[in-house]
Amino acid sequence: MNIRPPQLDELPLLQSLEVAAGVLFRTIGMTDIAEHPPPALEVFEHFLAEGRLWVTADSADRPSGYVLVKLVDGAAHIEQVSVHPDHQGRGLGRALIDHVESWAAGQGLPALTLSTFRSVPWNGPYYARLGFVEMRELTPGLVELRAEETAFGLDPAERIFMRRRVARQ
């Protein structure tokens, strides 16, 4: 498996990948989430320029998953991790998260954080299996992110913030 920064001309593929990954939410009745538009190209360009966007590439070197990372209160916050449905179940999401952890360790960051749906099987329960634990107290930056999610229309009762300690290398 190859994890690398994407090329500029691959960014539209990441948008298509996000749309395809979102379809799974339709199967559990979360059509608003399924129909949410992917990040704008400018968002991907920003994360790429900041060195906080990576893709998994398939055998043809075509992106099959991606992860976007923000810096929030001294931690690497996983803003989005998505894997195309045709490539799910192969450990790509885990590999991307592990890559972020290695990057974070190199940056001297103590933890990974993320926000996700509490009860969606491929969200909260999945991240718990990867070693993330629910945060009882949020940092100021995560409180701000929760407010942004709520303003977007996400029910805060259905959302959780999770944290995983970064293993020192």
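# Report on a predicted protein model

The side chains of E79 and K70 form a salt bridge, with 3.5 Å from N to O. A salt bridge here is a side-chain nitrogen of Lys or Arg within 4 Å of a carboxyl oxygen of Asp or Glu. The model is predicted, and local features need a pLDDT of at least 70, side-chain atom pairs count only at pLDDT 80 or more, and totals for chains, interfaces and linings use all residues. Residues are numbered from 1 along each chain as its sequence is written, and side-chain values use heavy atoms, with hydrogens and water left out.

## Salt bridges

Side chains of opposite charge can pair when their charged atoms come close. The structure holds 10 salt bridges, and three of them are set out below.

| Pair | N to O distance |
|---|---|
| E79 and K70 | 3.5 Å |
| R164 and D98 | 3.0 Å |
| R159 and E149 | 3.0 Å |

The side chains of R164 and D98 meet in another salt bridge. This pair links distant parts of the chain, since R164 belongs to strand β7 (residues 159–165) and D98 to helix α4 (residues 92–107), 66 residues apart. Helices (H or I, at least four residues) and strands (E, at least two) are DSSP runs, numbered from the N terminus. R164 is buried, with a relative accessibility of 9%, whereas D98 is partly exposed at 33%.

A further salt bridge joins the side chains of R159 and E149. R159 lies in β7 and E149 in helix α6 (residues 140–152), so this bridge ties together parts 10 residues apart in sequence. R159 is buried at 11%, and E149 is buried at 13%.

## Strand β4 and its partners

Strand β4 (residues 75–83) is mostly covered, with seven of its nine residues buried. Two strands are said to pair if DSSP finds at least two bridges between them. Strand β3 (residues 63–72) pairs with β4 in the antiparallel sense over eight bridges, and L71 stands opposite A76 in β4. The hairpin of β3 and β4 has two residues between the strands, and D73 in this hairpin takes a positive phi near 50 degrees.

β4 also pairs with strand β5 (residues 111–117), here in the parallel sense and over three bridges. In this pairing, I78 stands opposite L114 in β5. The chain crosses from β4 through α4 to β5, and this β-α-β crossover is right-handed. That term applies if, with the strands pointing away from the viewer, the path from the first strand over the helix to the second runs clockwise.

## Nonpolar cores

In soluble globular proteins, nonpolar side chains tend to be buried together. A nonpolar core is a set of buried Ala, Val, Leu, Ile, Met, Phe, Trp, Tyr and Cys residues joined through side-chain atoms within 4.5 Å. The largest such core has 21 residues, and those with the most contacts inside it are V67, A76, I78, V100, L112, Y127 and F132. At least two residues of this core come from each of β3, β4, α4, β5 and β7. Its largest share, six residues, is supplied by α4. Another core, of 10 residues, lies apart from it and includes L11, F47, L53 and Y66.

Contact means heavy atoms within 4.5 Å. Leaving aside neighbours within four places in sequence, the contacts of L112 include A76, I78, V100, F132, R164 and V166. V166 is found in the segment after β7 and is buried, with a relative accessible area of 4%. Not counting residues up to four places away in sequence, V166 touches E101, A104, A105, L109, P110, A111 and L112. The C-alpha atoms of V166 and A75 are separated by 9.4 Å, although these residues are 91 residues apart along the chain.

## Helix α1

Helix α1 (residues 11–26) has 16 residues and reaches 24 Å from its first C-alpha to its last, close to the expected 22 Å. The expected span is 1.5 Å times one less than the number of residues. The buried residues of α1 include L11, L14, L17 and F25. Its buried residues pack against α2 (31–34), α3 (41–49), β2 (53–57), β3, β4 and β5.

Methods. Buried means under 20% relative accessible area, exposed over 50%, partly exposed in between (1.4 Å probe, protein chains only).
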